[in-house]
Amino acid sequence: MAARGERFIVAAVRLLMPRRHDARIGRQAARYWSASDGDQSWDSNSHWRHGIGDEAFAEVGRDHLEIYQRFARALEVDTPTTIIEWGAGGGANAVAFAPHVERFISADISPDNLAECFRQVQAVCNTPVDTLLIDLADPNAAADGLRHACDLFLCLYVIELTTGVDAVRTILRIAQRVLRPGGMAFVQVKYHTSDGRTRGRIGWAYARNLALNTTFTIEEFWRLAGECGLEPQLVTLVPRNRLDSRYAYYALTKPVSGMEPQ
Ligand SMILES: C[S@@+](CC[C@H](N)C(=O)[O-])C[C@H]1O[C@@H](n2cnc3c(N)ncnc32)[C@H](O)[C@@H]1O
């Protein structure tokens with residue numbers, strides 16, 4: 001009953017005062033990710049090597065590289081030279097992708113994660129790593145000066161942690177901007193089904209819902225990507241892995257020519 005009451009109040013505030021609600025959740029998210037405080041669950045939620053363990057850490061990067069390569073072969077895209085990862089966390093993807101490119105740009109809202117990702121990549125290869133600190137209140141600023149600079153935009157295990165569709169739209173538009181024409185965004189979302197319990201639940205408490213804040217149906221995200229100027233090309237589902245369930249991976253390409261989205 002208490003949960004139902006809370007849901008009702010949250011829904012009312014979201015409806016009547018959307019800006020106030022979004023600002024509140026945004027502050028909670030920024031606070032949660034700002035520093036680890038040596039908290040083991042934070043390290044695990046950020047996918048640090050010691051947080052999720054060596055095996056899972058290696059698996060995250062290996063599985064993502066494998067899905068990306070499958071997409072890249074099917075779409076016959078050029079081998080990337082510059083990759084940006086939005087929400088790089090502890091570097092599980094970075095250590096798998098960076099050895100194959102000339103430049104790796106790691107972007108995150110947490111300085112601790114940026115430092116850890118940098119350390120992890122340095123331990124496996126000589127690829128130069130640039131770090132970009134994202135301000136959740138103004139994510140676009142982090143991508144200033146990067147227009148058309150990247151061949152591949154990675155955003156993995158991040159969308160479900162965002163504070164709603166507007167935040168996701170912002171990320172996709174940033175991807176559209178930093179990619180060169182023909183470049184690919186390789187993005188994972190957590191999908192929901194007809195079962196209401198699988199839906200994202202942006203509520204009062206960001207940290208309580210964490211990886212179940214923002215979800216989409218497969219088609220909703222496909223359409224959203226298109227609205228943001230990226231062409232959805234392929235999707236593959238991972239209904240369950242060792243970390244969680246209902247992951248959808250999309251290959252989105254930036255059109256070679258055409259209008260820039262508004
Ligand atoms: C679960 S970790 C994933 C790390 C990495 N991408 C991986 O697949 O292992 C989530 C990361 O996203 C970052 N993050 C959370 N919200 C974000 C947002 N709105 N924009 C960019 N990064 C975000 C967190 O700081 C954290 O490093």
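The legends below describe close-up views of a predicted model.

**View 1. Polar contacts between the protein and the ligand.** Among the 22 residues around the ligand, those that come nearest are Gly87, Asn93, Asp108, Asn113 and Leu156. Asp108 places a polar side-chain atom 2.6 Å from an oxygen atom of the ligand, and a polar side-chain atom of Asn113 lies 2.7 Å from an oxygen atom of the ligand. Leu156 contributes through its backbone, with an N or O atom 2.8 Å from a nitrogen atom of the ligand.

**View 2. The shell around the ligand.** Two or more residues of the shell come from each of β1 (82-86) and α6 (92-97), and by class the shell holds 12 nonpolar, 8 polar and 2 charged residues.

View 3. The whole structure contains 13 aromatic pairs. In one of them, the ring centres of Tyr68 and Phe97 are 5.9 Å apart and the planes stand at 55 degrees, so the pair is tilted. Because Tyr68 belongs to helix α5 (residues 54-75) and Phe97 to helix α6, this pair ties together parts that are 29 residues apart in sequence; both Tyr68 and Phe97 are buried. Phe221 and Tyr250 also form a tilted pair, at 4.7 Å centre to centre and 50 degrees between the planes. Here helix α10 (residues 218-227) supplies Phe221 and strand β7 (residues 245-253) supplies Tyr250, so parts 29 residues apart in sequence are tied together, and both Phe221 and Tyr250 are buried.

**View 4. An aromatic cluster and a charge over a ring.** Tyr32, Trp33, Trp42, Trp48 and Tyr206 make up one aromatic cluster. The charged end of Lys190 sits over the ring of Tyr247, at 5.3 Å from the ring centre.

Methods:
Residues numbered from 1 in each chain as written. Predicted model: local features only at pLDDT ≥ 70, side-chain atom pairs only at ≥ 80, totals over all residues. Heavy atoms only, no water. Near = heavy atom within 4 Å. Polar contact = N/O pair within 3.5 Å; in protein donor to acceptor, adjacent residues only side chain to side chain. Helix = DSSP H or I, 4+ residues; strand = E, 2+ residues; numbered from the N terminus. Nonpolar A, V, L, I, M, F, W, Y, C, P; charged D, E, K, R; others polar. Phe/Tyr/Trp six-rings, centres within 6.5 Å; stacked < 30°, edge-to-face > 60°. Buried < 20%, exposed > 50% of the residue type's maximum accessible area, 1.4 Å probe, protein only. Lys NZ or Arg CZ within 6 Å of the ring centre and 35° of its normal.
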